[in-house]
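Here are my notes on the aromatic residues and the nonpolar packing. Please read them beside the model.

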Amino acid sequence: MPEVNTDNLDEQQVQLLAEMCILIDENDNKIGADTKKNCHLNENIDKGLLHRAFSVFLFNTENKLLLQQRSHAKITFPDCFTNTCCSHPLSHPLELEENDAIGVRRAAQRRLKAELGIPMEQVTPEEISYLTRIHYKAQSDGIWGEHEIDYILFVQKDVTLNPDPNEIQSYCYVTQKELKQLLDKASKNEVKITPWFKLIAETFLFKWWDNLPNLNKFIDHERIHRM
């Protein structure tokens, strides 16, 4: 695996690079594990290295979507606006369990606490709905990038927030109109958004948002949307 100098990167974020992600093939079958660092190096991504991930979309009871702006310390896509929480299940038994994506949903609960400070008991795995999966690839810079099969997870609940500033520099709840304004600003390079959030917003998000009480009709666990 290539050696990359991480001396100029945030110490807390560098420590997280040792976490073990779940390696998968293009059909989301587990084939092993590797470090977060190796999974996010473009040099490895170009050789086909692919890992499992998730994206949480959390709405409050007013149907507003919680967005976050990634901190400047983040190694991939710093300062970008994105959906509520984006991360990876880890290669240990609780998060490897695949029945109804329970392992991924447990990972989402863990990261909602780590990033946003949402108490574990406020969002349980049972309250997280798994809709579908997307497969995408994107470069953050010349060294780092993403290549993931991303589980799309929805939650609607009022929660308590206490974000970790090392993870998140700002957050806000937005209406559909406000998100469309943000996307318009991003198209003019006035703000930055993550590539996966852009893809999801441009394809599925508003249709799902219009149907928050009736998401069951959009559940598709068979297909992986290639984007």
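1. Phe206 and Trp209 sit 3 residues apart in helix H7 (residues 195-209), so about one helical turn separates them. Helices here are DSSP runs of H or I with at least four residues, strands are runs of E with at least two, and both are numbered from the N terminus. Phe206 and Trp209 are both buried, meaning under 20% relative accessible area with a 1.4 Å probe, protein chains only.

2. The model is predicted: local features need pLDDT of at least 70 and side-chain atom pairs 80 or more, while totals for chains, interfaces and linings use all residues. Residues are numbered from 1 along each chain as its sequence is written, and side-chain values use heavy atoms, without hydrogens or water.

3. There are 10 aromatic pairs in the structure. The ring centres of Phe206 and Trp209 are 5.8 Å apart with planes at 10 degrees, so this pair is stacked (centres within 6.5 Å, planes under 30 degrees apart; the six-membered ring is used for Trp). Both residues belong to a cluster linked by ring pairs, which also includes Phe57, Phe154 and Trp208.

4. Lys180 lies over the face of Phe206, 4.8 Å from the ring centre (NZ of Lys or CZ of Arg within 6 Å of the centre and within 35 degrees of the ring normal). Arg133 is placed over Tyr151 at 5.9 Å.

5. The largest nonpolar core has 32 residues, and Trp209 is among those with the most contacts inside it (buried Ala, Val, Leu, Ile, Met, Phe, Trp, Tyr and Cys joined through side-chain atoms within 4.5 Å). H7 supplies its largest share, 9 residues.

Technical notes. Rings of Phe, Tyr and Trp (its six-membered ring) pair if their centres lie within 6.5 Å; planes under 30 degrees apart count as stacked, over 60 as edge-to-face and the rest as tilted. Buried means under 20% relative accessible area, exposed over 50%, partly exposed in between (1.4 Å probe, protein chains only).
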